[in-house]
Amino acid sequence: MADIAPVTPAEKGRLRSVLAMLWADKPAFVAAIFLCVVLVCALIGPALLDAVATKQNLRGRNAPPFDLSKGWLLILGGDALGRPLLARIIVAAQNTIAIAAGAVVASMIVGSALGLVAGYSRGRWAQIIPRLADVIMSFPSLLLAVIVLYMLEPSAANIILVLAITRIPVYLRTTRAEVLEVRERMFVQAARVMGASDARIVFRHILPVVLPTLLTIATLDFAFVMLAESSLSFLGIGIQAPEVTWGLMVAQGRPYLTSAWWLSFWPGLAIILTTLSLNLLSNWLRVALDPQQRWRLEMGGRKNG
Amino acid sequence: MRKFLTRRAVASAVSLLVLIVMVFFLSRLTGDPTQLYLPVDASLEARENFRNLHGLNDPLIVQFGRYVGDLLTLDFGDSIRKSRPALDVVIEAFKWTLTLALITMVLVSFAAIVFGALAAFNVGGVFDRIATFFSLIGASAPDFWIAIVAIVLFSVNLGWLPTSGTGTLWHWILPIAVLFIRPFGLILQVVRGSMITALSSPYVKTARAKGVRPRPVIFVHALRNGMLPVITVIGDQAAGMLNGAVVVESIFGFPGVGKLMIDSILQRDFAVVLAAIMVTAFAIFLMNILIDIAYAVLDPRIRY
C-alpha cells in the first residue's frame with residue numbers, strides 16, 4: 001500500500017526484499033494485488049466510468065448476470081434502472097475507500113498523538129487522556145453515529161468525523177501502552193542523558209518503535225471502518241444517493257431481493273473481499289514488521305514453523 | 001474487593017453521566033417531536049398543548065433539571081410514541097436482546113474455543129488452515145450482507161425458515177446464525193493466537209514429556225492460561241450485542257433494544273432513547289464485573 005516515490009539503489013534492494021517477503025506469504029500476496037486493483041479502481045474508476053455507471057437503460061433493468069448478449073459491462077447484471085453493476089461497483093470504490101481512509105488516517109493521527117502525550121508526559125494529561133478514551137469506549141458507537149448523522153447532514157465529511165471519533169481510543173490505548181514500556185528502555189535513557197529534547201526523544205526514538213504496531217492496527221481498522229460505513233449507509237443514514245458506496249448499493253438492492261439477488265450480492269462480495277484482503281495483509285504486516293518473527297518470511301516460506 | 005467494586009461503579013457512573021448529558025442535548029437538537037406526532041393541519045393550539053403536555057416548552061436546562069430530578073425517584077419519563085413508561089418499553093425490548101445475545105454468545109464462545117484450540121494444536125495443519133480461512137472470512141463479512149444472502153437462500157429459495165418477525169423457535173435460527181459469524185471469526189483467531197503461545201510454554205512441554213495425552217494438555221493445561229485474552233474479546237463482543245445488534249435486529253424485524261433505539265431516535269422519542277442507554281449501560285457494567293471475576297478465577301495471581 002505504501003508508495004515509494006524516489007527509488008535510490010539502497011531503496012531498490014529494500015523494495016525487493018519487501019516483495020520477496022510478500023511473495024513468501026501467498027495469501028497476503030494475492031490480497032496485496034487485490035487491494036492494488038481496488039485502489040486503482042478508486043483512483044481512476046469514476047473518471048473513466050462515471051458516464052457509463054449513471055446511464056440508465058430500461059432494457060437492462062435487473063438484467064441477470066453472466067449474460068454477455070447485452071455487452072460486457074452487464075456481465076454482473078444491471079440494477080433496477082438498468083445501470084451496469086460492474087461499472088457502479090468500480091465507481092463506488094472511490095467513496096467507500098476514501099471515507100474509510102479518511103476516518104483511519106484522522107483517528108490514527110489524533111489517537112496516536114494523544115497516546116504519545118498520555119504515555120510520555122507524567123503530568124495531569126497522563127491521567128485525563130486515558131479517561132477520555134474510556135468515555136468514548138463506553139459509548140455505543142453505532143448509536144452515537146445515528147444521533148450525530150441524524151442531526152447533522154449525513155455527508156461524507158460528517159461520516160468520517162463520526163467514525164474517526166469512535167476509533168480514536170484504539171490508537172490511543174495502544175500507543176500509550178507501548179510508550180509506557182519503550183520510555184523505560186536504555187536507548188531512550190541514553191538519549192535523555194545526552195541532552196535530547198522531549199520532542200526529539202518522542203519523534204526520533206519512541207515513535208519509530210511504536211509505528212509498526214500502529215500500521216498493523218490501522219490496516220485491520222480500515223476493514224472495521226469500511227464495515228461500519230457500509231452498515232450506516234445500509235441503514236440509510238450514511239452516504240445518500242446519488243452518491244454511491246458499496247454499503248448503499250446493498251441497501252438499494254434489498255427491495256429486489258426475491259427477484260434479482262445479484263443487486264445486493266456483488267457489492268457485498270466487494271466489501272467482503274476487500275476486508276478479507278485487509279485482514280490477510282494485516283496478518284502479514286504483523287510478522288513482517290516484527291524483527292523477531294521476520295525470519296519466517298525471509299526464509300522464503302519454505303518452512304512455516 | 002469492595003474497594004474495587006466502588007471504584008468501578010464510580011468510574012462507570014461518571015461516563016454514564018457524560019453520556020446522558022450528551023444524548024439529552026444532542027437528541028433534542030434533532031428537532032421538535034410535535035411535527036412528527038400531530039397531523040400537518042393540527043391547530044397551533046393543539047401543538048401548544050402537546051408541547052406543554054410533554055414539557056417541551058421549557059428551556060432545555062429546565063427540562064434537563066426536571067429529567068434528572070425524576071431519575072432520582074427512578075422515573076424514566078414516558079414514551080411519547082407508546083404512551084407508556086419508557087422503562088417498561090425498554091425492559092420489554094431488552095429481554096429479547098438479552099436472550100438473543102446470551103444464546104449467541106454461549107454458542108460462539110464454545111465453538112470458537114474448541115475449534116481455536118484444536119487449530120493451535122497443529123499449526124499449519126489441514127484443520128488449522130481450514131479454521132483460519134473460515135474465521136478470516138467470518139471476521140470480514142458485513143452482517144447485513146450475510147443476513148440478506150441467508151434470507152434469499154433459506155427463506156425465499158428453500159423456504160425452510162421465516163424471513164422475519166418472532167413467534168416460533170424457527171424465527172430465532174437466522175438471527176442467531178447471522179450474529180454468530182463475525183464474533184466466531186474474531187474470537188477463534190484470538191483463541192488460536194493465545195493457545196499457540198500457551199502451547200509453546202515450558203510447562204506444557206513438561207506435561208507432554210511426562211506422557212500426558214494431547215487432549216488433556218490442550219483443554220486442561222494450556223487452555224486455562226490461554227483464556228485470559230480470550231475472555232477480554234468475548235466481553236467486547238458481548239457488550240456490542242447487549243447494545244443491540246441494530247442492523248441484524250432491523251433486518252429480521254426482531255423487537256430488541258437496538259431496533260428500539262433506532263426507531264426512537266428517528267421518532268424523537270427521547271425518554272426511550274435515554275432509558276435504553278441507561279439499561280444497556282447497567283447491563284454492560286454488570287457483565288464487566290463478571291468478566292473481572294472470571295479473570296480472578298482463571299488466574300489466582302489476580303486479586304482485586
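Predicted model: local features only at pLDDT ≥ 70, side-chain atom pairs only at ≥ 80, totals over all residues.
Helices here are DSSP runs of H or I with at least four residues, strands are runs of E with at least two, and both are numbered from the N terminus. Read from the N terminus, the elements of chain A go α-α-α-α-α-α-α-α-α-α-α. Chain B, by contrast, has 13 helices and 2 strands.

Residues are numbered from 1 along each chain as its sequence is written, chains are lettered from A and ligands numbered from 1 in the order in which they are written, and side-chain values use heavy atoms, with hydrogens and water left out.

Let's begin with the overall packing. A residue is called buried under 20% relative accessible area, exposed over 50% and partly exposed in between, using a 1.4 Å probe and protein chains only. By that rule 47% of the 305 residues of chain A are buried, and in chain B buried residues make up 47% of 304. Contact means heavy atoms within 4.5 Å. Of the contacts in chain A with a separation of 6 or more, 69% are between residues 24 or more positions apart. For chain B, 71% of the contacts between residues at least 6 apart in sequence join residues at least 24 apart.

Chain B deserves a look as a whole. Its C-alpha trace spans about 85 × 60 × 30 Å along the principal axes. The domain assignment, whose bounds come from an automatic or database source, gives domain 1 (2-71) and domain 2 (86-303). The C-alpha centres of these two domains of chain B lie 33 Å apart. Their contact takes 21 residues from domain 1 of chain B and 15 residues from domain 2 of chain B.

Now to the interior. A nonpolar core is a set of buried Ala, Val, Leu, Ile, Met, Phe, Trp, Tyr and Cys residues joined through side-chain atoms within 4.5 Å. The largest such core has 166 residues, and those with the most contacts inside it are Ile206(A), Trp246(A), Trp284(A) and Ile187(B). Both domain 1 (2-71) and domain 2 (86-303) of chain B contribute residues to this core, so it lies between them. A second, separate core has 5 residues, including Ala118(A), Ile129(A), Ala133(A) and Leu172(A). Returning to Ile187(B), and leaving aside neighbours within four places in sequence, its contacts are Met105(B), Val108(B), Ala112(B), Val230(B), Val233(B), Ile234(B) and Gln237(B).

Ser282(A) is part of helix 10 (residues 262-288) of chain A, and at 1% relative accessibility Ser282(A) is buried. Beyond its neighbours within four places in sequence, Ser282(A) touches Thr216(A), Thr219(A) and Leu220(A). The C-alpha atoms of Ser282(A) and Ala223(A) are 10.0 Å apart, although 59 residues separate the two along the chain.

Next come the aromatic rings. A pair of rings is described by the distance of the centres and the angle of the planes. Rings of Phe, Tyr and Trp (its six-membered ring) pair if their centres lie within 6.5 Å; planes under 30 degrees apart count as stacked, over 60 as edge-to-face and the rest as tilted. Over all chains, the structure holds 10 aromatic pairs. Phe24(B) and Phe64(B) are edge-to-face, at 4.9 Å centre to centre with 70° between the planes. This pair links distant parts of the chain, since Phe24(B) is in helix 1 (residues 2-28) of chain B and Phe64(B) is in helix 4 (residues 60-72) of chain B, 40 residues apart. Both Phe24(B) and Phe64(B) are buried. Phe180(B) and Phe184(B) have ring centres 5.2 Å apart and planes at 20°, so this pair is stacked. Being 4 residues apart in helix 8 (residues 170-199) of chain B, Phe180(B) and Phe184(B) are separated by about one helical turn. Ring pairs also link Phe115(B), Phe127(B), Phe180(B) and Phe184(B) into a cluster.

Cys36(A) is in no disulfide; the nearest cysteine sulfur, in Cys41(A), is 11 Å away.

Technical notes. Disulfide = S-S within 2.5 Å.
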